[in-house]
Amino acid sequence: MTSPAFLPAHTLAADIAARRLSPVELVGECLARIERLEPKLQAFVSVNAANARLAAEAADKAIRSGHAVGPLHGVPIAIKDLVEIEGEVAMGGTAAWHARRASRTATLMRKLVAAGMINLGKTHTVEFAYGGWGTNQHLGTPWNPWDANTHRTPGGSSSGSGVAVAARMAPWAIGTDTGGSVRIPAAWNGTTGLKTTIGRVSTFGVLPLSPTLDTPGPITRDIEDAALLLSVLQGSDHCDKRTLGVHDVDPMASLRRGVRGLRIGRLPTEERDGIDADVLAAYDRSVDSLATLGADIVEISLPARFADLGAINGRIMSAEAYAALFQLVDDNAQQLDQDVRPRVRAGAAISSRDYLVALAERERLKVSFNLAIEGVDALLTPTAATPAIPIAAIDQSSTPAVFTRWVNFLDLCAVAVPNGFTAGGLPTSLQIVCRAYAEPLALRIGYAYQTTHDWHLRIPSMVE
């Protein structure tokens with residue numbers, strides 16, 4: 001573990017700024033790992049090797065001459081293939097768009113470049129970002145690195161970003177989350193994933209699935225990295241009206257304040273059914289750990305079941321996805337993923353009345369939930385009910401997003417953090433859910449938990 005590729009982004013940034021590490025060396029190490037591991041893991045849909053090396057050389061010269069553009073100058077990052085970069089191919093996970101070139105650059109990409117970060121390449125996604133398992137029939141399904149022998153679910157839709165970070169091919173990566181697509185890959189790959197609130201990060205230039213629910217966010221090694229990347233990604237953007245009026249936050253300011261005195265809700269008893277035994281045991285240990293740190297763990301009663309909320313979330317998602325993609329999915333000549341096509345086509349059966357009723361129900365339930373959690377700072381759940389399962393065992397008519405979709409539906413924020421391993425050596429994950437725009441609080445709780453455990457430091461043996 002002497003390679004800098006094994007270090008978290010905040011340590012890499014400090015080493016680069018102090019000139020203990022060159023961006024050229026770091027990018028070279030990441031690209032060498034990508035070259036070695038990609039034939040097995042298939043995390044990237046394209047690798048930006050030549051341009052990344054040029055950018056690293058430029059960053060090295062700027063930093064050595066005292067012209068660093070900021071504290072993250074020279075740190076590499078991987079980008080989900082939903083994020084547009086002008087003049088480059090943006091496939092959105094579908095072979096039908098293999099030659100589609102972007103006419104604009106996403107606002108979040110401009111922010112990353114302005115901060116001096118270096119794009120290593122585009123990572124795989126489920127077609128149109130519509131699926132939690134992480135599979136893609138035509139472009140390939142990334143290999144979860146925690147099992148060298150069995151092809152297991154990498155989590156979706158940000159499958160490649162989750163695998164790239166877990167395998168130390170990139171220090172951190174960009175994902176998007178419409179129903180769990182940042183948090184599920186983070187959970188199954190043993191990494192950290194932050195689901196941001198609508199309007200916290202601009203979606204301009206990010207290929208949409210469901211504009212009501214889409215939220216970009218970071219997949220990182222640890223909580224501190226997630227806080228750093230949030231600081232870069234957030235901000236008002238006139239190209240995305242939902243960002244207007246959302247005040248920036250400083251997630252680093254409160255990160256180390258601990259959890260003493262916070263009131264944190266436990267998973268309601270009726271939601272514990274169907275959770276894998278190892279996942280549930282890890283969850284209970286996590287709750288006990290936060291209680292030991294001084295949090296007040298409280299029982300709460302919620303006005304609806306998570307699965308019921310997720311079902312309404314699914315109707316909104318399908319209706320909006322079909323409105324955007326009907327020309328593709330209704331053209332049977334297009335070679336689309338046959339697991340994804342019916343999910344999008346389901347939106348055709350949702351009437352305008354049903355769609356508007358779902359949106360109205362969302363607003364009503366947001367009020368009900370806010371009342372139910374009044375006086376509670378956060379709610380803890382597992383991120384996924386099971387560890388990563390074999391690809392061959394997937395039921396594509398089901399979803400692994402029972403514990404994540406409701407967060408998007410109610411427009412909350414959440415962070416997924418590693419919280420243990422199953423008896424078979426697969427990662428488990430804790431989800432910390434907070435109110436809208438309370439990302440600093442979710443990160444603060446996650447940081448307190450991570451300081452007492454080393455789960456986030458574990459590395460899959462097949463990539464060491």
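## How the helices cross

Let's start with two helices, H2 and H3, whose crossing is right-handed. This is a predicted model, so everything here describes that prediction. Helix H2 covers residues 23-41 and helix H3 covers residues 49-64. Their axes run 8 Å apart, and the two helices pack at an angle of about 160°. Angles over 145 degrees count as roughly antiparallel, and H2 and H3 are therefore roughly antiparallel to each other.

Now try another pair: H9 and helix H11, the latter made of residues 352-372. Here the packing angle is about 140°, with the axes 10 Å apart. That makes H9 and H11 oblique to each other. As for handedness, H9 passes H11 in a left-handed crossing.

## Rings that pair up

Time for some aromatic side chains. The structure holds eight aromatic pairs. One of them joins Trp133 and Trp188: the ring centres are 5.9 Å apart and the planes sit at 20°, so this pair is stacked. Where do the two residues lie? Trp133 is in the loop between strand E3 (118-123) and helix H5 (159-166), while Trp188 belongs to helix H6 (residues 183-189). The pair therefore ties together parts that are 55 residues apart in sequence. Are these two tryptophans buried or exposed? Trp133 is buried, with 8% relative accessible area, and Trp188 is buried too, at 1%.

Phe306 and Trp406 make another stacked pair, with 4.4 Å from centre to centre and 10° between the planes. Phe306 lies in helix H9 (residues 306-329) and Trp406 in helix H12 (residues 405-409), so this contact links parts that are 100 residues apart in sequence. Phe306 is buried, with a relative accessible area of 0%, and Trp406 is buried at 1%.

## Charges over rings

Rings can have charged neighbours as well. The charged end of Lys40 sits over the ring of Trp143, 3.8 Å from the ring's centre. Likewise, Arg104 lies over the face of Phe204, at 4.8 Å from the centre of that ring.

## What about the cysteines?

A disulfide is a covalent bond between the sulfur atoms of two cysteines. How many disulfides does this structure hold? The count is zero.

Take Cys413: which cysteine sulfur is closest to its own? That would be the one in Cys434, but the gap is 5.2 Å, too far for a bond. For comparison, the cut-off for a disulfide is a pair of sulfur atoms within 2.5 Å.

## A glycine in a loop

Finally, have a look at Gly74, which you'll find in the loop between H3 and strand E2 (76-80). Gly74 is buried, with a relative accessible area of 0%. How far is Gly74 from Leu12, in sequence and in space? Along the chain, the two are 62 residues apart, yet in space their C-alpha atoms are 9.0 Å apart.

Conventions: Residues are numbered from 1 along each chain as its sequence is written. This is a predicted model: local features need pLDDT of at least 70, side-chain atom pairs count only at pLDDT 80 or more; totals for chains, interfaces and linings use all residues. Side-chain values use heavy atoms; hydrogens and water are left out. Rings of Phe, Tyr and Trp (its six-membered ring) pair if their centres lie within 6.5 Å; planes under 30 degrees apart count as stacked, over 60 as edge-to-face and the rest as tilted. Helices (H or I, at least four residues) and strands (E, at least two) are DSSP runs, numbered from the N terminus. Buried means under 20% relative accessible area, exposed over 50%, partly exposed in between (1.4 Å probe, protein chains only). A charge sits over a ring if NZ of Lys or CZ of Arg is within 6 Å of the ring centre and within 35 degrees of the ring normal. Axes are lines fitted to C-alpha atoms, for helices over the stretch in contact, and angles run from 0 to 180 degrees between N-to-C directions. Angles under 35 degrees count as roughly parallel, over 145 as roughly antiparallel, 65 to 115 as roughly perpendicular and the rest as oblique. A crossing is left-handed if the near helix is turned anticlockwise from the far one by less than a right angle, and right-handed if clockwise.
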